[in-house]
Amino acid sequence: MKWKKLGRIYSCLPIDDYLVSHASNPLAIQLKDGIFRIFFSGRNIENKSSVGYVDYDIVKMKVISICDKSIFTFGDSNSFYSHGVSIGSMYEVKNIKYILFMGWKINKGEHWKGYIGRLKMSENFNQLELDPSSIFIGIDNEDPISLSYPWVIKDDNINKMWYGSTISWTSENREMIHVIKYATSYDGISWQKHGLAIPYEIGKAQAFSRPAVIKYKNKYLMWYSYRSGNGTLYRIGYAESLDGINWVRKDEEVGIDVSPSGWDSEMICYPYVFEYNGNLYMLYNGNGYGKTGIGLAILEQD
């Protein structure tokens with residue numbers, strides 16, 4: 001596997017008081033022909049994240065428009081997303097499109113916690129509404145600490161979700177243990193959790209985030225960002241599965257890494273993989289967890 005980087009397609013520009021910096025966790029939805037709306041999580045001066053978007057022509061390789069204001073903002077102090085909204089993926093229930101997200105909350109004197117929320121999209125994709133108004137998937141006996149970045153695909157009439165879950169805030173190398181787990185749902189509302197999906201290794205790959213899953217040529221393929229715990233910043237990893245349940249990590253085969261210099265020379269993270277016109281594309285972030293913008297890569301054909 002080899003990804004060809006096509007360059008940085010969006011550098012973060014201040015849009016309003018909610019979107020001052022960053023363009024993290026990109027998510028692409030096709031509007032027409034080669035035009036995609038790329039949603040992202042931007043931050044205000046207090047590092048609280050909200051949602052904006054740019055429209056991108058993947059044929060002409062240029063941004064054609066940028067939202068003039070945030071379309072969904074972090075909540076009030078009592079909400080489960082009081083400190084930010086980090087985008088996961090889009091899925092459909094009864095022909096209604098939703099974006100799943102990680103809601104950040106920091107209680108005074110405590111570690112941050114994440115919960116999964118859901119946003120209902122308007123038909124023209126320029127408005128988002130919290131639906132339900134409460135936590136969509138919360139902590140429980142299976143996931144007692146914190147949740148993150150859900151990704152859902154529908155396959156065999158089943159909604160299949162891969163999501164992040166914290167096992168411990170620290171380990172022997174002082175890095176958190178945050179893993180990717182698996183859940184299923186027939187109606188897209190009630191979810192049955194099935195436990196660990198991607199194997200982790202202390203000191204090698206133990207802090208995962210933002211899984212991106214597709215079914216391609218009868219295999220499940222997953223990309224994610226991960227940290228080893230040895231001080232190396234985020235890299236993008238890769239795993240394969242025949243059934244979506246049992247996965248083999250093949251990080252050495254991912255085919256994309258940091259650049260020798262520039263906007264993505266320190267880290268690459270938060271992949272979003274999608275298919276267009278017979279090709280696989282990857283949106284991703286570089287240095288500073290998305291502070292330097294959004295990049296695009298294309299999978300080179302064998």
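This is a predicted model: local features need pLDDT of at least 70, side-chain atom pairs count only at pLDDT 80 or more; totals for chains, interfaces and linings use all residues.
## Salt bridges

The model contains 16 salt bridges. One of them joins D55 to R37, with the closest N and O atoms 2.7 Å apart. This pair links distant parts of the chain, since D55 sits in strand β4 (residues 49–57) and R37 in strand β3 (residues 35–43), 18 residues apart. Both D55 and R37 are buried.

Two further pairs can be described in the same terms. R249 bridges to D251, where the closest N and O atoms are 3.0 Å apart, and both R249 and D251 are buried. K160 pairs with D155 at a closest N and O separation of 3.1 Å; K160 is buried, as is D155. Elsewhere, D140, E142, D143, K181 and K193 belong to one network, joined by salt bridges that share partners.

## Largest pocket

The largest pocket has a volume of about 560 Å³. Its lining consists of 28 residues, and those nearest the centre are R43, W104, W112, Y149 and Y270. Two or more lining residues come from each of the elements β2 (21–32), β3, β6 (84–93), β7 (96–105), β10 (147–155) and β14 (207–216). Of these, β2 gives the largest share of the lining, with 3 residues.

By class, the lining of the largest pocket divides into 11 nonpolar, 13 polar and 4 charged residues.

## Second largest pocket

The second largest pocket holds about 440 Å³ of space. There are 22 residues in its lining, with A28, M90, W151, Y272 and F274 nearest the centre. The elements that supply two or more residues to this lining are β2, β6, β10, β14 and β18 (269–276).

The lining of the second largest pocket is made up of 15 nonpolar, 3 polar and 4 charged residues. For the largest pocket the corresponding counts are 11 nonpolar, 13 polar and 4 charged.

## Cavities

The structure has 2 cavities of 30 Å³ or more. The largest cavity contains about 40 Å³ of space. Its lining residues are Y10, C12, L13, I15, L19, V20, S21, H22 and F40. In terms of class, 7 of the lining residues are nonpolar and 2 are polar, with no charged residues.

The second largest cavity contains about 30 Å³ of space. It is lined by A28, F36, I38, Y56, I58, F274, L283 and L296. This lining comprises 8 nonpolar residues, with no polar and no charged ones. Two residues of this lining, A28 and F274, are also among those nearest the centre of the second largest pocket.

## S190 and its surroundings

S190 is located in the loop between β12 (177–185) and β13 (192–196). Apart from neighbours within four places in sequence, S190 is in contact with T184 and S185. The C-alpha atoms of S190 and I137 are 8.9 Å apart in space, while the two residues are separated by 53 residues in sequence.

Conventions. Residues are numbered from 1 along each chain as its sequence is written. Side-chain values use heavy atoms; hydrogens and water are left out. A salt bridge is a side-chain nitrogen of Lys or Arg within 4 Å of a carboxyl oxygen of Asp or Glu. Helices (H or I, at least four residues) and strands (E, at least two) are DSSP runs, numbered from the N terminus. Buried means under 20% relative accessible area, exposed over 50%, partly exposed in between (1.4 Å probe, protein chains only). On a 1 Å grid over the protein atoms alone, a cavity is a set of points where a 1.4 Å probe fits but cannot get out, and a pocket is an open set with protein on both sides within 12 Å along at least five of seven lines; lining residues have an atom within 4 Å of a point. Grid points are joined across faces, edges and corners, and a volume is the space filled by probe spheres set on the points. Ala, Val, Leu, Ile, Met, Phe, Trp, Tyr, Cys and Pro count as nonpolar, Asp, Glu, Lys and Arg as charged, and the others, Gly among them, as polar. Contact means heavy atoms within 4.5 Å.
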